[in-house]
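Please keep the sequence and the structure in view while reading.

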Amino acid sequence: MHAMIKKILYALAALLVIIQFIKPARNQSAGPFPNDINTKFAMSDEVKTAMQIACYDCHSNNTEYPWYSNIQPVAWWLQNHVNDGKKHLNFSEFTTYTEKRQRKKLQEIEESVTEGWMPLESYTWIHKNAILTAEQKAAIKKWVTESLAQLPAAEPENRSDEQKKETR
């Protein structure tokens, strides 16, 4: 029995060493990003700094990776979070979204800040500086309101397709 446990531990150790050589592609790009949200909706330094610290690692084309991102399987887990975050919202590609989607994403930013579901708790455990202060939250909400005002008014959702065609 003891020999069997030893063999299993050796096999697990070997597997752990082997997977260190299988690394996911990193989300790192040199800017500037011509479609970045900043190119359409100017941010104050306070908002820009808060967003970069709390949001951009998972929601942009350039992630700043911590030292432990070089260890498998942690790197795979982190990259999955980054890929999922970019799928939902990518600040580096924001101006490629339709105006309707931009409006929705801006509203979701405000909602996530108000309700506190972003940044993820699993992110803020290690990145304590990503926890937004009340002042940062207020600044982001103000920025969202100002940004939404720059977009054309949203069409009412209860209009029929015929009514929408008539106004085009």
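This is a predicted model: local features need pLDDT of at least 70, side-chain atom pairs count only at pLDDT 80 or more; totals for chains, interfaces and linings use all residues.

Helices here are DSSP runs of type H or I with at least four residues, numbered from the N terminus. In that numbering, Pro 73 falls in the loop between helix H2 (45–54) and H3.

**Helix H4**
- Helix H4 covers residues 99–115, and its 17 residues should span 24 Å at 1.5 Å a residue, which agrees with the 24 Å that separates its end C-alpha atoms.
- The residues of H4 that are buried are Gln 102, Arg 103, Lys 105, Leu 106, Ile 109, Ser 112 and Val 113, and they pack against helix H3 (74–88) and helix H6 (134–150).

**Helix H6**

**Packing of H4 with H6**
- The axes of H4 and H6 are 10 Å apart and meet at an angle of about 160°; angles over 145 degrees count as roughly antiparallel, and H4 and H6 are therefore roughly antiparallel to each other.
- The crossing of this pair, H4 and H6, is left-handed.
- On the H4 side the contact is made by Arg 103, Leu 106, Gln 107, Ile 109, Glu 110, Val 113 and Thr 114, and on the H6 side by Lys 137, Ile 140, Lys 141, Trp 143, Val 144, Ser 147 and Leu 148.
- By residue class, the contact of H4 with H6 comprises 7 nonpolar, 3 polar and 4 charged residues.

**Packing of H2 with H6**
- H2 and H6 pack with their axes 9 Å apart and at an angle of about 110°; angles from 65 to 115 degrees count as roughly perpendicular, and H2 and H6 are therefore roughly perpendicular to each other.
- In this contact Glu 46, Val 47, Ala 50 and Met 51 of H2 meet Glu 135, Gln 136, Ala 139, Ile 140 and Trp 143 of H6, and the residues of the contact divide into 6 nonpolar, 1 polar and 2 charged.

**Buried residues within helices**
- Ile 109 lies in helix H4 and is buried, with a relative accessible area of 6%; beyond the residues up to four places away in sequence, Ile 109 touches Leu 89, Phe 91, Ile 140, Trp 143 and Val 144.
- Ser 147 lies in helix H6 and counts as buried because its relative accessibility is 0%, where buried means under 20%; residues up to four places away in sequence not being counted, Ser 147 touches Phe 41 and Leu 106.
- Gln 79 lies in helix H3 and is buried, with a relative accessible area of 7%; with residues up to four places away in sequence not counted, Gln 79 touches Pro 24, Ala 25, Arg 26, Asn 27 and Tyr 65.
- Gln 79 and Lys 23 are 56 residues apart in sequence, while their C-alpha atoms are 9.8 Å apart in space.

**Loops and cis peptide bonds**
- Thr 63, in the loop between H2 and H3, counts as buried at 5% relative accessibility, and, neighbours within four places in sequence left aside, Thr 63 is in contact with Asn 27, Gln 28, Asp 57 and Val 82.
- The C-alpha atoms of Thr 63 and Ser 29 are separated by 8.3 Å, although these residues are 34 residues apart along the chain.
- The peptide bond from Gln 72 to Pro 73 is cis, with omega near 5°.
- Another cis peptide bond joins Met 118 and Pro 119, with omega about -5°, and Pro 119 is found in the loop between H4 and helix H5 (121–124).
- For context, most peptide bonds are trans.

Methods:
Residues are numbered from 1 along each chain as its sequence is written. Side-chain values use heavy atoms; hydrogens and water are left out. Helices (H or I, at least four residues) and strands (E, at least two) are DSSP runs, numbered from the N terminus. The expected span of a helix is 1.5 Å times one less than its number of residues. Buried means under 20% relative accessible area, exposed over 50%, partly exposed in between (1.4 Å probe, protein chains only). Contact means heavy atoms within 4.5 Å. Axes are lines fitted to C-alpha atoms, for helices over the stretch in contact, and angles run from 0 to 180 degrees between N-to-C directions. Angles under 35 degrees count as roughly parallel, over 145 as roughly antiparallel, 65 to 115 as roughly perpendicular and the rest as oblique. A crossing is left-handed if the near helix is turned anticlockwise from the far one by less than a right angle, and right-handed if clockwise. Ala, Val, Leu, Ile, Met, Phe, Trp, Tyr, Cys and Pro count as nonpolar, Asp, Glu, Lys and Arg as charged, and the others, Gly among them, as polar.
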